[in-house]
Amino acid sequence: MAGIVRIGVSLGKALLSAFDGLCRKRGYTNRSEAIRDLIRNELVRTEWTEDNRTTVGALCIVYEHDRREISKRLTHVQHEHRSLVISTLHVHLDEHNCLEVLILRGKAKNLRAFSDGLISTKGVKHGDLVMATTGAALE
Ligand code: NI
Ligand code: NI
């Protein structure tokens with residue numbers, strides 16, 4: 001990290017003690033790293049509110065592969081949006097259930113719409129989009 005600047009932050013005792021408790025629970029060895037992570041999280045959240053920003057995310061879905069051609073449908077949708085899908089990981093969880101993790105890159109609004117489409121597909125039991133970042137705007 002080039003050009004580190006030290007800043008002073010004023011906090012109430014109760015808030016600071018709660019924050020220190022949180023830091024311990026999460027395994028931070030110093031407050032500075034915890035504060036940096038909090039700031040970065042907010043910046044990533046903001047990145048996702050700006051629809052036209054290019055960002056990355058990971059979509060996790062669980063479905064029963066032998067239910068009404070769902071595998072076919074999910075693969076078809078992914079091919080249609082192949083410019084958004086960087087990589088996929090498929091795990092056969094048991095006889096019926098599959099887990100798929102899709103790494104996505106594109107405009108925030110497109111990633112959200114694509115993910116919503118897959119998650120709401122009939123037969124998808126669970127789905128969640130983890131909003132990440134290209135990191136370009138973060139130090
Ligand atoms: Ni394919
Ligand atoms: Ni499978």
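Trainee: In which element of the chain is confidence lowest, and in which is it highest?
Mentor: This is a predicted model, where local features need pLDDT of at least 70, side-chain atom pairs count only at pLDDT 80 or more, and totals for chains, interfaces and linings use all residues. Residues are numbered from 1 along each chain as its sequence is written, chains are lettered from A and ligands numbered from 1 in the order written, and side-chain values use heavy atoms, leaving out hydrogens and water. Confidence here is pLDDT, the predictor's score for each residue from 0 to 100. With helices (H or I, at least four residues) and strands (E, at least two) taken as DSSP runs numbered from the N terminus, the lowest mean is 91, in α2, and the highest is 97, in strand β3 (residues 97-107).

Trainee: And the chain overall, what's its mean pLDDT?
Mentor: Of the residues in the chain, 99% reach 70 or more. The mean pLDDT for the chain is 93.

Trainee: How are α1 and α2 oriented to each other?
Mentor: Their axes (lines fitted to C-alpha atoms over the stretch in contact) lie 10 Å apart. The angle, taken between N-to-C directions from 0 to 180 degrees, is about 90°. Since 65 to 115 degrees is the perpendicular range (under 35 is roughly parallel, over 145 roughly antiparallel, the rest oblique), α1 and α2 are therefore roughly perpendicular.

Trainee: Which residues of α2 does α1 meet?
Mentor: Contact means heavy atoms within 4.5 Å. From α1, the residues involved are Leu-16, Phe-19, Asp-20 and Cys-23. Across from them, α2 brings Arg-31, Ala-34, Ile-35 and Leu-38.

Trainee: By class, what makes up the contact of α1 with α2?
Mentor: Ala, Val, Leu, Ile, Met, Phe, Trp, Tyr, Cys and Pro count as nonpolar, Asp, Glu, Lys and Arg as charged, and the others, Gly among them, as polar. On that basis the contact has six nonpolar, no polar and two charged residues.

Trainee: What about α2 and α4, how are they arranged?
Mentor: Helix α4 spans residues 108-119, and its axis is 7 Å from that of α2. The two pack at an angle of about 80°. So α2 and α4 are roughly perpendicular.

Trainee: Which residues of α4 make that contact?
Mentor: On the α2 side you'll find Glu-47, Trp-48 and Thr-49. The residues of the contact divide into three nonpolar, one polar and two charged. Those from α4 are Ala-108, Leu-111 and Arg-112.
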